[in-house]
Amino acid sequence: MPEPSTHTTIIGADTRIKGEMSFDHTARILGTFEGSITAKGELQVAEGATCRATVDAGKIMVDGAVDGNINARERVELTAKARIKGDLVAPRLVVAEGASFEGHVKVGQDAGRAPKPGEATAPGTIESKGPGPVVVKTDIREGTGRR
């Protein structure tokens, strides 16, 4: 039997997992995961799912809740139902109206790079400093960010 061209690991809605997870392709969480996730591929947190974890993945799509820091090497997408508590670092960020986010955000090509002493904040870097919701309008291509 030939190998399928795409591999997706699914954590079912009635499943609760605690520990460390790593994968190369795609994983979709429908239930609850607690711990740490390291992935070469894409992590999908479905509507109704809860992820209490530190996440490091290529791409991350959130339609449920994530409580923990997120680091993406390619892109993060937050749908209208996404609920995030934690810091987020990604080269590209897509946020739908209605998404909830509480934490610090670093977005742009150099987002994962630590700033040098005295270096100004890079265009597209956004930091939330209050307890309330933050509405961000940013255009990374133009290097502008408005709050």
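This is a predicted model: local features need pLDDT of at least 70, side-chain atom pairs count only at pLDDT 80 or more; totals for chains, interfaces and linings use all residues.
1. On to the charged side chains: four salt bridges turn up when the whole structure is searched. One of them joins Asp24 to Lys40, with 3.8 Å between the closest N and O atoms. This pair connects distant parts of the chain, 16 residues apart: Asp24 sits in the loop between β2 (16-23) and β3, while Lys40 sits in the loop between β4 (32-39) and β5. Asp24 is partly exposed, at 47% relative accessible area, whereas Lys40 is exposed, at 61%.

2. Asp56 and Arg73 form another salt bridge, their closest N and O atoms lying 2.8 Å apart. Because Asp56 belongs to strand β6 and Arg73 to strand β8 (residues 70-78), the pair ties together parts that are 17 residues apart in sequence. Asp56 is partly exposed, with a relative accessible area of 27%, and Arg73 is partly exposed too, with 43%.

3. Do have a look at Arg75 and Glu77 as well, whose side chains meet in a salt bridge with an N to O distance of 3.3 Å. Arg75 counts as partly exposed at 27% relative accessibility, and Glu77 is likewise partly exposed at 28%.

How values were computed: Residues are numbered from 1 along each chain as its sequence is written. Side-chain values use heavy atoms; hydrogens and water are left out. Helices (H or I, at least four residues) and strands (E, at least two) are DSSP runs, numbered from the N terminus. Buried means under 20% relative accessible area, exposed over 50%, partly exposed in between (1.4 Å probe, protein chains only).
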